[in-house]
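These are my notes from one sitting with the model.

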Amino acid sequence: MEADVPLLKSGGTADYLYAREVAFHFPPVVADRALKDGDTASLGGLTLTARHTPGHTRGCTTWVTTVEEDGRPYRVVFAGSTSVNPGTRLVEGPSYAGIAADYRRALDVLASLEPDVFLSGHGGYFDFEKKRARAASAGARAFVDPEGYKRVIAGQRANFEAAVAKEGPLAAPTAMPSLGTTRWQLVRFRGGDDTTVVPDDPARYTIEFNTDGTLVARIDCNRGRGTWTSPGPGRLELGPLALTRAMCGPDSLHDRIVKDWGFVRSYLLKDGHLFLSLMADAGTYELEPAPR
């Protein structure tokens, strides 16, 4: 959609959140056509209507169409994301002017669509695996879920308003406790596609934060040291980790954690657990207090 045309043309360097993240840069793209809210596009005999649902990106787009199965029409929505990426500012010094209003507009548009079938870029958002399994016997009806759609949008709205409240005047800068002198072990990783990975032995995956900005970590068969900074309430960035170089077992989470390490951007302490969120809605690591 037209609001994302400058971002595409910049190769990612004009992004309101990840402009400085080289890993998210890409070869510049020149759009052949810039869509506005309500424009249509046709592909393979199917016409889709573009709805502007901004916030996640300035030009975030939801697609609406109708398909027919066994003589019955179904209204289908490919819902644009309304999740708030770690590091996004909605109230104080907003990531871009009007971002909170954009999110609310997007949620209002999505709530008005009332689809029979809803889909998205993340399978977990619409229970893809469960619905696909049921489709083996129930056919297209397995994907008809108007009530599920309403619940998802209501949940997304609640998550957004909670994020706004967290930044609001009642959220003091010191509201988020410091991580210094705490030690944690891994409970599970939940991906952006709703997949969940649980370690065989949580004690083999630990991280200890020190007040001087250093940390000590164990990642399965390797141990190492690194640094951490918290540039704002709930914000977290992990510096390069110097690890030993043993070869861990085939079921180890070592490689996944090492790959994700530099993409942690926020933390949340809730019910005694620590949640570390990755940028770009890629997933969350949940940890629990570990004995020293």
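**Entry 1: ground rules and overall make-up**

I took helices (H or I, at least four residues) and strands (E, at least two) as DSSP runs, numbered from the N terminus. On that basis I found five helices and 15 strands in the protein. The model is predicted, so I kept local features to pLDDT of at least 70 and side-chain atom pairs to pLDDT 80 or more, while totals for chains, interfaces and linings use all residues. Residues are numbered from 1 along each chain as its sequence is written, and side-chain values use heavy atoms, with hydrogens and water left out.

I looked up the extent next: the C-alpha trace spans about 65 × 45 × 40 Å along its principal axes. The accessible surface (Shrake-Rupley method, 1.4 Å probe; for residues, only the protein chains shown count as cover) is about 15,800 Å², and carbon and sulfur atoms hold 54% of that surface.

For burial I used relative accessible area: buried is under 20%, exposed is over 50%, and partly exposed is in between (1.4 Å probe, protein chains only). Of the 292 residues, 40% are buried.

A contact here means heavy atoms within 4.5 Å. Among contacts with a separation of 6 or more, 54% join residues 24 or more positions apart.

For charge, I counted Lys and Arg as positive and Asp and Glu as negative, leaving out His and the chain ends. Each charge was placed at NZ of Lys, CZ of Arg, CG of Asp or CD of Glu. The tally is 34 positive and 36 negative side chains, and the centres of the two sets are 3 Å apart.

**Entry 2: the loop between β2 and β3**

I picked two residues from this loop. Arg58 sits between β2 (46–52) and β3 (61–69), and His56 lies in the loop between β2 and β3 as well.

Which of the burial classes does each fall into? Arg58 has a relative accessible area of 33% and is therefore partly exposed. His56 has 17%, so it counts as buried.

I then listed neighbours, not counting residues up to four places away in sequence. Arg58 touches Ala3, Asp4, Ala14, Tyr16, His52 and Tyr96. His56 touches Tyr16, Ser81, Ser83, Asn85 and Tyr103.

Met1 is 57 residues away from Arg58 in sequence, with 8.7 Å between their C-alpha atoms.

**Entry 3: the cavity**

I searched on a 1 Å grid over the protein atoms alone; a cavity is a set of points where a 1.4 Å probe fits but cannot get out, and lining residues have an atom within 4 Å of a point. Grid points are joined across faces, edges and corners, and the volume is the space filled by probe spheres set on the points.

How many cavities of 30 Å³ or more turned up? The count is one, and the largest cavity has a volume of about 200 Å³. Its lining has 14 residues, and those nearest the centre are Ile257, Trp261, Leu276, Tyr285 and Leu287. Two or more lining residues come from each of β8 (205–209), β9 (214–219), α5 (254–260) and β15 (283–289). The largest share, three residues, is from β8.

**Entry 4: backbone angles**

Most residues other than glycine have a negative phi. I noted two with a positive value. Asp127, in the loop between β5 (117–119) and α3 (128–138), has phi near 55°. Asp271, in the loop between β13 (264–270) and β14 (273–278), also has phi near 55°.

As for cover, Asp127 is partly exposed because its relative accessible area is 38%. Asp271 counts as exposed because its value is 72%.

**Entry 5: other loop residues**

His122 is in the loop between β5 and α3 and is partly exposed at 31%. His122 and Val109 are 13 residues apart along the chain, and their C-alpha atoms are separated by 20 Å.

Gly232 is in the loop between β10 (222–229) and β11 (237–238); at 18% Gly232 is buried. Ser266 is 34 residues from Gly232 in sequence and 9.3 Å away, C-alpha to C-alpha.

Gly71 is in the loop between β3 and β4 (72–78) and is exposed at 58%. Gly71 and Gly123 are 52 residues apart in sequence, with 27 Å between C-alpha atoms.

Note on methods: On a 1 Å grid over the protein atoms alone, a cavity is a set of points where a 1.4 Å probe fits but cannot get out, and a pocket is an open set with protein on both sides within 12 Å along at least five of seven lines; lining residues have an atom within 4 Å of a point.
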